[in-house]
Amino acid sequence: QVQLVESGGGLVQAGGSLRLSCAASGRTFSMYTMGWCRQAPGKEREFVAAISRSGASTFYADSVKGRFTISRDNAKNTVYLQMNSLKPEDTAVYYCAAARMWTSMTTDYDYWGQGTRVTVSS
């Protein structure tokens, strides 16, 4: 099983930035598509961003496109989510996830982290 541990969440003012990190266990990190999803209170978990095994391809939800950047460092078994120009509607618990296929569907992800909370104040 893959263990994923997120960090970097917290409270930030609207317009500010946060960088989330997700550290993965094991030596097969580069075999997985990595993604970030989020869940706001009272809402279903939604896809945010994904990055391919090599990092060559990325895909973003329309709600974050142009503001968020996903990246990965396979040598460090770590995936990142740089969040800029944050809005109150970005407030959610953010989850790191790993999938065995290229996907933007939350149901396709096989492993999940514990989540890190991001709160954007207005």
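This talk walks through one predicted model, from its sheet and hairpins to its core, its cysteines and its aromatic rings.

Because the model is predicted, local features need pLDDT of at least 70 and side-chain atom pairs count only at pLDDT 80 or more, while totals for chains, interfaces and linings use all residues. Residues are numbered from 1 along each chain as its sequence is written, and side-chain values use heavy atoms, with hydrogens and water left out.

I will start with the strands, by which I mean DSSP runs labelled E of at least two residues, numbered from the N terminus, whereas helices would be runs of H or I of at least four residues.

Next come two hairpins that share strand E5. E4 and E5 pair in the antiparallel sense over 5 bridges, with Trp-36 standing opposite Ala-49 in E5. Between E4 and E5 there are 6 residues, and Gly-42 in that turn has a positive phi of about 80°. E5 also pairs with strand E6, residues 58–60, again in the antiparallel sense and over 3 bridges, with Phe-59 in E6 as the bridge partner of Ala-50. The hairpin of E5 and E6 likewise has 6 residues between the strands, and in it Gly-55 takes a positive phi near 85°. As for E5 itself, 5 of its 6 residues are buried, where buried means under 20% relative accessible area, exposed means over 50%, and partly exposed is in between, using a 1.4 Å probe and protein chains only.

In soluble globular proteins, nonpolar side chains tend to be buried together. A nonpolar core here is a set of buried Ala, Val, Leu, Ile, Met, Phe, Trp, Tyr and Cys residues joined through side-chain atoms within 4.5 Å. The largest one has 37 residues, and those touching the most other members are Leu-4, Met-34, Trp-36, Val-79, Leu-81, Met-83 and Tyr-94. Elements that give two or more residues to this core include strand E3 (18–24), strand E8 (78–83) and strand E11 (116–121), and the largest share, 6 residues, comes from E9. If we leave out residues up to four places away in sequence, Met-83 touches several others, among them Leu-18, Leu-20, Phe-68, Tyr-94 and Val-118, contact meaning heavy atoms within 4.5 Å.

Now to the cysteines: which of them are bonded? The structure holds 1 disulfide, defined as a pair of cysteine sulfur atoms within 2.5 Å, and it is formed by Cys-22 and Cys-96, whose sulfur atoms are 2.1 Å apart. This pair links distant parts of the chain, with Cys-22 in strand E3 and Cys-96 in strand E9, 74 residues apart. The torsion about the S-S bond is about -80°, so the disulfide is left-handed. Cys-22 counts as buried because its relative accessibility is 0%, and Cys-96 is buried as well, with a relative accessible area of 0%.

Finally, the aromatic rings. Rings of Phe, Tyr and Trp (its six-membered ring) pair if their centres lie within 6.5 Å, and planes under 30 degrees apart count as stacked, over 60 as edge-to-face and the rest as tilted. By this rule there are 4 aromatic pairs. One of them, Tyr-95 with Trp-112, is edge-to-face, at 6.4 Å centre to centre and 80° between the planes. Tyr-95 is buried, at 14% relative accessible area, whereas Trp-112 counts as partly exposed at 28%. Ring pairs also link Tyr-95, Tyr-109 and Trp-112 into a cluster.

Technical notes. Two strands pair if DSSP finds at least two bridges between them.
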